[in-house]
Every structure is written in C-alpha cells, then in structure tokens.
Amino acid sequence: MPAPKPKASRVPLVTSAALLSLSLAAPAALAAPTPSATPSATPPADMSTVGGTRLGQPGTQVNPATGVPALPTDVTARSWIVSDAESGEVLAAHNAHWRLPPASTLKMLFADTVLPRFPKSTPHKVVPADLAGIGAGSSMVGIKEGQTYTVHDLWLGVFLRSGNDAVHVLSAMNGGVERTVRDMQEHADELQALDTHVVSPDGYDQPGQVSSAYDLSLFARSGLQKKDFREYCSTVRAAFPGDTAKNAKGKSVRGSFEIQNTNRLLSGDTDVPVYQGIAGVKNGNTTNAGATFTGVAERNGRVLLVTAMNPEKKEHNEVYKETAKLFDWGFQAAGKVTPVGELVPPKGAVGTSPEPRASAVGKDAGVSSKPVAAASAQGSGGIGTALAIAGGALILLTGAAFLVNRRWPLPDLVRRRPRP
C-alpha cells in the first residue's frame, strides 16, 4: 500500500476552489436542466462541468500513469466517483454528473440541512399529522403516534434504519415537508450541488427527483463537518424507544428494541465483510433508483469518499461490493494518480456572498473550532466513539463553517476495525 501523500503537497481547499471558480461561471447553465421524470438509459452527452470539464464527459475519467493501478473492471454502477474527502480531489469518476434518482442517499442532504436546527435532547410527542404522506413501502424505524421521542432518537432512526417516519417527524418539527424540501433545495444550491432537484425529504421515488454521484459526495463532505453527523452515520447499532406498558407493579415503563445500521460495509453481512476503515455514510434502495451508496473510509491518514449509483449487476449487496473495490483502488492510487477534477466548496468559500444561514452555526450546529476530545453514540458498543486525531482548523465563511485542508475527527474505533 502506498504511503500517504505528504501534507505539504495538499492544495488548500479554498485556494484551489478560488482558482476553479473562474472556470465554473460559464458552464453553470449546464448544471440545472429541467429534470425528467424517467432518467434515460444512457448518460447525456452534455452534463454539468462543476468541478472540472472532465467530470461533465460521459464514461470513465481517470489519468493512467506508471505506478497507478488499473481500475477494477467489474464495476457496473451507472455512475460513480472516488474522491479525497479532505483535499476534494476527484481521483476517478464515471458519469459523475449523471442525474439519477438518489433514493435514501438524499437523506444526507436532509440531515446536513436540518440536523443543526434542534438540540438532540429536544423531546417531541408524535401526532398523526407528523406521519401523513409517507410513501407506500417506505423503510420505517417504527415510530408510534402518541409516543414521545427525542431528536437524538429520531436521528438514529434516520441514519441506522433509513426511517422515512423519522424524516417526516423531523420535517414536521422543521415547519412541514414543503418547507423542508425548500430548505434542502436552497442548501443544495449553496453547496453547488446543481444536479439535484428535491421533491421529497426522504428520497422516496418522486417524478423529477434526481441527484448525481458528484452531488451526493458534496452532501456527505458537508455533513461530515458536523460532529453529530459523523457520530450518527458511524453508529452500528442502538436502542430505540418502543411502546409504553404497565409492569407487574402497575408502573408505566417505556420499552426499547435494537436497531442496526443498514450500511453493510459498516455492519457487515453474510457476503460483505466490514470494510477496514469505514466510518459511514448512507445507503439507499428504491424501485427507480436501484441501490445507491456513499461511503467514507480512512486508511493510513487518508480519508476517501466513494459514491456508487445503481449497479447494473443485481446480485445481493452489489453496491457495497463495488464500493469496496473502488475504495481499494482509491487507497492504492491516492498520491500517484493525477486528479480529474475536484469537489467544490460551498458558494461562500469562493466569494459569491450567499445569504448567511443562521441555522448553520451556533450552539447546536455540531461544529466546533476545537478538536473533539471524546463523544459517544447511544448503544453503539463503543464503535460510535469519536476521538480527535488531528487539529480541527476551521474557517468561518459568510455565516457557515467549512473545514479547510485538515482531517475530521472520524470515529476512531470504527477506523481501526480490521476487515475480517
């Protein structure tokens, strides 16, 4: 395995983004065509060039060179991207800006938008209107009307069980589904995720709801700035509140049941081992979208993001198997391969002065200017413990906090779990 690239060779995020912004102004119009209800079977000839012109070209984009390993030949995802989560460099991509149904990976944008708005200890008693409009066949964590849940409980339901019921309750707390959809779209636009059109907050199949492997990677990268986001997406299992019943003494007692993360690279399965260094992020699967997944993993001090959308091969857990192959390639190629583009920062980081978003900073934002010493996620058996592995240098940009050229304190025990 190659040694990590020296820190001195990394290009600071804001510096590189400022240079890139000049090339982004002209092609921006390509980024937001009217979304179609049914994406085509082949990628369009002209796609967004946000992040670099190579990323707007159909097919596989990589710079082969001496010492750079060959890409795996058995990856069948319609769209995928391998990037360095810290520097933003895109190491390789395939139809990166193809606008496809995202399924529950869109919940990363939902979380990045809404998570900072409510303290995790906030209680909420569920009323029938909170659960209205949930799509048939949705994944559910098991929320019951009349029961009270904390915001912490609800986010565990979102990240571990991909619960659309938890999404709808949090959306109700945020002013309703329509407002939440607007908030998500505004946040996507600020992140320069211009391939994304939001129709539902939970990623449930809706006409015109699309995103891209590039945009999903932007959502993950932004969400990972937040300590709570990192903890939730890395939690393997947790206790979730159940029904309230009378015990033998006639006292009302709230029961609980265990929920487990459906991210198979994190929790493992019969045909998918836990991936070495995996620390999140989010999976999804619907009829229109097929299987989608964005993952973050760290190895030897390097943090990579991989997004894969809708593998043509329909074997069990195929999206995780293909993601693992792309991670393996990325860790071998990093420091050797010339990037084909980059993940751009939010608009505020390149001087376009968007409106400040008060919800993005402050007491409950989950962002700190100091490294996190320790934190734990409920019921994770220690796996959700987050230990700071480097200084978390942050820069404030027009009311939003964005990490610049430094490492996130990814959950330490997850990072160090060996692959079986």
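Helices here are DSSP runs of H or I with at least four residues, numbered from the N terminus. By that rule, Asn-164 sits in helix H4, residues 164-173. The model shown in every view is predicted.

**Figure 1. Overview of the predicted protein chain.** The protein chain carries 10 helices and 13 strands. Of its 420 residues, 58% are buried. Contacts between residues at least 6 apart in sequence were examined, and 69% of them join residues at least 24 apart.

**Figure 2. Asn-164, a buried residue of helix H4.** Helix H4 spans residues 164-173. The relative accessibility of Asn-164 is 3%. Buried means under 20%, so Asn-164 qualifies. Its side chain makes a polar contact of 3.0 Å with the side chain of Ser-138. Leaving out residues up to four places away in sequence, Asn-164 touches Lys-107, Ile-134, Ser-138, Ser-139, Met-140, Asp-202 and Tyr-204.

**Figure 3. The largest nonpolar core.** This core contains 64 residues. Ile-143, Trp-155, Phe-159, Tyr-214, Phe-219 and Phe-229 have the most contacts inside it. Helix H3, residues 151-161, supplies the largest share of this core, with seven residues. A second, separate core has 31 residues, among them Leu-266, Ile-278, Phe-293 and Val-337. In soluble globular proteins, nonpolar side chains tend to be buried together.

**Figure 4. The surroundings of Phe-159.** Phe-159 is among the residues with the most contacts inside the largest nonpolar core. Neighbours within four places in sequence are set aside here. Phe-159 then contacts Ala-111, Leu-115, Phe-229, Tyr-232, Cys-233, Asn-261 and Lys-282.

**Figure 5. Helices H2 and H5 where they meet.** H2 covers residues 107-114, and H5 covers residues 177-190. Their axes come within 9 Å and cross at roughly 95°. Angles of 65 to 115 degrees count as roughly perpendicular, and H2 and H5 are therefore roughly perpendicular to each other. On the H2 side, the contact involves Leu-109, Phe-110, Asp-112, Thr-113 and Val-114. On the H5 side, Thr-180, Asp-183, Met-184, His-187 and Ala-188 take part. The residues of this contact comprise five nonpolar, three polar and two charged.

**Figure 6. Glu-178, an exposed residue of helix H5.** Glu-178 belongs to helix H5. Its relative accessible area is 63%. Exposed means over 50%, so Glu-178 qualifies. Glu-178 and Ser-200 lie 22 residues apart in sequence. In space, their C-alpha atoms are 8.3 Å apart.

Technical notes: Residues are numbered from 1 along each chain as its sequence is written. This is a predicted model: local features need pLDDT of at least 70, side-chain atom pairs count only at pLDDT 80 or more; totals for chains, interfaces and linings use all residues. Side-chain values use heavy atoms; hydrogens and water are left out. A nonpolar core is a set of buried Ala, Val, Leu, Ile, Met, Phe, Trp, Tyr and Cys residues joined through side-chain atoms within 4.5 Å. Buried means under 20% relative accessible area, exposed over 50%, partly exposed in between (1.4 Å probe, protein chains only). Helices (H or I, at least four residues) and strands (E, at least two) are DSSP runs, numbered from the N terminus. Contact means heavy atoms within 4.5 Å. Axes are lines fitted to C-alpha atoms, for helices over the stretch in contact, and angles run from 0 to 180 degrees between N-to-C directions. Angles under 35 degrees count as roughly parallel, over 145 as roughly antiparallel, 65 to 115 as roughly perpendicular and the rest as oblique. Ala, Val, Leu, Ile, Met, Phe, Trp, Tyr, Cys and Pro count as nonpolar, Asp, Glu, Lys and Arg as charged, and the others, Gly among them, as polar. A polar contact is a pair of N or O atoms within 3.5 Å; within protein, one must be able to donate a hydrogen and the other to accept it, and residues adjacent in sequence count only if both atoms are side-chain atoms.
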